[in-house]
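Reader: Can you walk me through how the two chains meet? Show me the model before we start.

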Amino acid sequence: MPKQELDSEELFNLALSIVGLVLRDGPMQVKELSEHFGFSEKTIVKAVKTIANSEDIGRFETHFYVDEELLDEGEVDFSAGRSALSEPPVLSKRQTTSLAAGLDFLAALPQFSQNSALAQVRGIIGSGTEPITDLGLNEDQQRLEPLRSAILNKQQIVAQYVNQLGQKSSRAIDPLRIDFIGRRHYLRGWCHLKQELRSFRLDRIIDIEVTDQEITQQGRSASIPESVFGALAAELTVEITASSEASEIFWNFPSFDLKKEASGSTTGKIQVGNLQALGRHVSRYGGEVVVLAPESARQAVSEFARLAMTGYGGPGDED
Amino acid sequence: VSPLKLRFIEGQWVLLAKQGTQIKNFLLRRIISKVTPIDNASKPVSDEEVALAEAELADFVSNNKAVLEVEPDTEAWWHFGGPEGSQVEIHFMDEALLAEDLMEFGSEVRVLSPESLATRIRSGLERVVQVHA
């Protein structure tokens, strides 16, 4: 039975969700939206009309216009307005809090600490002048500074990089972007050695030299895919299950078919480039992550852990 | 709790918050339920109290010391700065989280001390073997 009653804030949030979905996927039937969000068709229509009729939004030049004729026929479509907003829209408490938290994070970054525009926005939103987020200055932060400078100035770098097998190499890289995924920073850049766009874990870069050479044309024209993980040469699909505390393992691989179980654990499939790396990633969770299939992957993880146990008088020491 | 500050320490988000009369540190990854804001106004906490709590955490970390043996020319060796010998001394905030980080290095690292950390790693690895038997 679809949920029926919404308070004004929930209705507003539903309206925004509908706008996002329709702008992304194109016009949709009211019936489809009802099934998608789990609300009655009447509630969907009411939420869509909120976009056009909301007293709050109506005070400003809304960016989304509802096609009311289509809506009468059971279809939802919007057009995006081109006029600039002259004043900020009214936000719910939750939206304001989310924005404040994001802006606070920005303010904690060294490169934004003195940014007057950011300070002004934080003032408008009602944040204090001092960030409540403290990012500290760890080794990653020390590597980030020269990288940021090189990216902004379009300068090549030479990095000493250690891959997950412990192999060290010197890489000339056109640095393009830094991503923060899960708990790790990744440098996205054009690798001169591999002649392709690669992702480099920042904690595996042991030395960075910023050169005075400009980045190459290949680097300039490279398109950075959204996923930090590129296509793997010989990838293997592995099915795993992870407890709620270990579910971050899915951040480390391209993953799909994720399903949250009633117990809180997550089951899904990941693509791995080599089984040795899988052993490392799985073993760190001390049994909270279990490889379900294939058998070769289960064995690889078991072998990795057995070998590691030799240092602690484990079964590997036995004859 | 009354949340005061979010800190990012050694790859971990830590919430500094007042619980009752005490200011405590909570690892965000250990907060596994949905967080619900409540209407009660938080009690004011002075800058001095926050600074003291932060200093206590720093003291706690500096007193938590582990001695490791790392295999030269491996990822672990590079990770710990390529030490002259094979031994490194590190400070840590949370033994369980350090154990996770060290288990990822597998046989490249062996914990010489403290014994509790070595035991924790051994138990974790045993469990990995057990669930993949």
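Author: A definition to begin: buried area is the accessible area (1.4 Å probe) that two parts lose on being put together, summed over both. This is a predicted model, where local features need pLDDT of at least 70, side-chain atom pairs count only at pLDDT 80 or more, and totals for chains, interfaces and linings use all residues. Residues are numbered from 1 along each chain as its sequence is written, and side-chain values use heavy atoms, with hydrogens and water left out.

Reader: How much area is buried between chain A and chain B?

Author: About 3,800 Å². Carbon and sulfur atoms give 53% of that.

Reader: How many residues does each chain bring to the contact?

Author: Chain A brings 45 and chain B brings 38, with contact meaning heavy atoms within 4.5 Å.

Reader: Switching to charges. How many salt bridges between the chains?

Author: There are 9. Each is a side-chain nitrogen of Lys or Arg within 4 Å of a carboxyl oxygen of Asp or Glu. One of them joins B:Arg30 and A:Glu245, at 3.9 Å, N to O.

Reader: And strands: how do strand 5 of chain A and strand 1 of chain B run?

Author: Parallel, joined by 2 bridges. Strands here are DSSP runs (E, at least two residues), numbered from the N terminus, and two strands pair if DSSP finds at least two bridges between them.

Reader: What is the bridge partner of A:Thr133?

Author: B:Leu6, in strand 1 of chain B.

Note on methods. Chains are lettered from A and ligands numbered from 1 in the order in which they are written. Helices (H or I, at least four residues) and strands (E, at least two) are DSSP runs, numbered from the N terminus.
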